[in-house]
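Reader: Hi! Could you walk me through this structure with me?

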Amino acid sequence: MSDQMLILVALAGIFLLLFLVIKTKLHAFVALLLVSLIVGIAAGMPLGEVVTSIQDGMGGTLGFVAVVVGLGAMFGRMLEVSGGAERLAQTLINKFGEDKAQWSLGITGFLVAIPVFFDVGFIILVPIVYGLAKKTGKSLLYYGIPLLAGLAVTHSFIPPTPGPIAVADLIGADLGWVILFGTLAGIPSMIIAGPLFAKFISKKIHAVVPEYMQVEEIEYDKELPSFALIASLISIPLVLILLNTLSGVLLDEGNAVRSVLTFLGHPFVALTIATLLTFVLLGTKRGYTRQEVQEIATKALEPAGIIILVTGAGGVFKQVLIDSGVGEVLGEMMAGSSLPPIALAFLIAMVVRVAQGSATVSMVTAAGLMSPLISTLGLEGPVLGLMVISIAAGATVFSHVNDSGFWLVNRYFGLDVKDTLKSWTVMETLIGFVGFAVVFIIGMFIS
């Protein structure tokens, strides 16, 4: 089959994926599998090889992603039920004072979303936003936007959240670089899209607690854990993974210290250590029975399962593109583009995001399309970490009515669609463009 026909097959596959997800409302997992089958057959692959590619793509992706996302979900669930998120918020607000509560909420969101899913973190912490708004008479957006910005930045940029984990695995990026660049891009994104934007938009839109949202503060049946304990537990896997990456740069191959740090800093080991510590320090040591801890961990895997399967299907799409030869042609075509790979990754993720709404689907689709280019150009090391953040940034911008996050904010803040676009959508777009600008600038100094 000619190169032109292979490109047409790839484009048709992408349009079909968007059609199935947007128009027919087919679940992204099934849509990705179906499109992978059709692309493989249309590209002329033998039928047996199409099935083999699907199996290889799913197995190769889930071998890493399922373990990391599963452990991360259990880790986050223990922090959630123990009141760890509440403790972080309370301590930071007390430390900063109510006059700087915006900053404390931004930092709280930034920390909480490392182990806890975005929507869960928001629902747990929104009563604090309500309380502050009622007390001060300010718009809900004055406090809510910084919290949302902190949650959204970490949810998109910093592992072990599912999005960057999935993209890192699909393009072969080291998680240490992803954490480092995600943090460097995330902090200015949170500041600009959070406290700074909130001061501006809260003067334009005065949102009050909606009457239908009489949210009661969660009653925790045990005393809240200490701030130091929660901060330490969140830091452990991040520090171990970063030490692994740094040891690979600073220490020679075969060095005993490097070997130990490489082992401890592998995401499997780092997250297993952190999760076991949460089971003990936030579970059994605080009065939960082993049976209760087991039930909490099991419950955590329910939402994680959907993310794991969609990511696996993204791996299938990538594998079929590569095995069919479509990937090679796509890679060569994109390599001939005048756009730098980091900018190309951002634009692809952005287009898919605007079209179908889901950040996860946008990330895995963009990563699948960029993977052949990475092979063609021989990209490796830190630049792949930058590309992960670029894809994540593209999958964050322009959240609108086809994104579930849009409606979550719309409901909890009692906004109409126009005001949700002016506040939430602009906040998400600021996060994406600031994050992309940071990694693009860093990319100019890293080859």
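Reader: Let's start with the second largest pocket: which helices each supply at least two residues of its lining?
Author: Helix H1 (3–22), helix H14 (326–335) and helix H15 (341–356) each do. Before going on, note that this is a predicted model, where local features need pLDDT of at least 70, side-chain atom pairs count only at pLDDT 80 or more, and totals for chains, interfaces and linings use all residues. Residues are numbered from 1 along each chain as its sequence is written, and side-chain values use heavy atoms, with hydrogens and water left out. Helices are DSSP runs of H or I with at least four residues, numbered from the N terminus.

Reader: Thanks! What counts as a pocket, and what as a cavity?
Author: Both come from a 1 Å grid over the protein atoms alone. A cavity is a set of points where a 1.4 Å probe fits but cannot get out, while a pocket is an open set with protein on both sides within 12 Å along at least five of seven lines. Lining residues have an atom within 4 Å of a point. Grid points are joined across faces, edges and corners, and a volume is the space filled by probe spheres set on the points.

Reader: Back to that second largest pocket. Which helix gives the most to its lining?
Author: H1 does, with six residues. The lining has 15 residues, and Leu11, Ile14, Leu330, Ile348 and Leu369 lie nearest the centre. The volume is about 310 Å³.

Reader: How do its lining residues divide by class?
Author: Into 14 nonpolar, one polar and no charged. Here Ala, Val, Leu, Ile, Met, Phe, Trp, Tyr, Cys and Pro count as nonpolar, Asp, Glu, Lys and Arg as charged, and the others, Gly among them, as polar.

Reader: And the largest pocket, what volume does that have?
Author: About 1200 Å³. The largest pocket is lined by 45 residues, with Asp119, His155, Ser358, Thr360 and Ser404 nearest its centre. Helix H13 (residues 290–323) gives the most to this lining, with six residues. By class there are 24 nonpolar, 13 polar and eight charged residues.

Reader: Switching to cavities: how many are there of 30 Å³ or more?
Author: The count comes to two. The largest cavity holds about 80 Å³ of space. Its lining has 13 residues, and Pro115, Phe117, Pro160, Thr161 and Pro162 lie nearest its centre. H3 gives the most to that lining, with four residues, and the classes are 10 nonpolar, three polar and no charged.

Reader: Which way does Lys25 go on phi, positive or negative?
Author: Positive: phi of Lys25 is near 60°. Lys25 lies in the loop between H1 and helix H2 (28–42). Phe398 also has a positive phi, of about 55°, although it is not a glycine, and that residue is in the loop between helix H17 (382–394) and helix H18 (404–412).

Reader: Why does Lys25 count as exposed?
Author: Because its relative accessibility is 66%, and exposed means over 50%, buried under 20% and partly exposed in between, with a 1.4 Å probe and protein chains only. Phe398, at 35%, counts as partly exposed.

Reader: Let's look at Thr61. Buried or exposed?
Author: Thr61 is buried, at 3% relative accessibility. Thr61 is in helix H3 (residues 47–82), and a polar atom of its side chain lies 2.9 Å from the backbone oxygen of Gly57.

Reader: Last one: which residues have the most contacts inside the largest nonpolar core?
Author: Phe122, Leu148, Phe157, Met370, Ile391, Phe413 and Met427, in a core of 157 residues. Such a core is a set of buried Ala, Val, Leu, Ile, Met, Phe, Trp, Tyr and Cys residues joined through side-chain atoms within 4.5 Å. With residues up to four places away left out, Ile391 touches Val167, Ala345, Ala349, Met363, Ala366, Ala367 and Met370.

Key
Contact means heavy atoms within 4.5 Å. A polar contact is a pair of N or O atoms within 3.5 Å; within protein, one must be able to donate a hydrogen and the other to accept it, and residues adjacent in sequence count only if both atoms are side-chain atoms.
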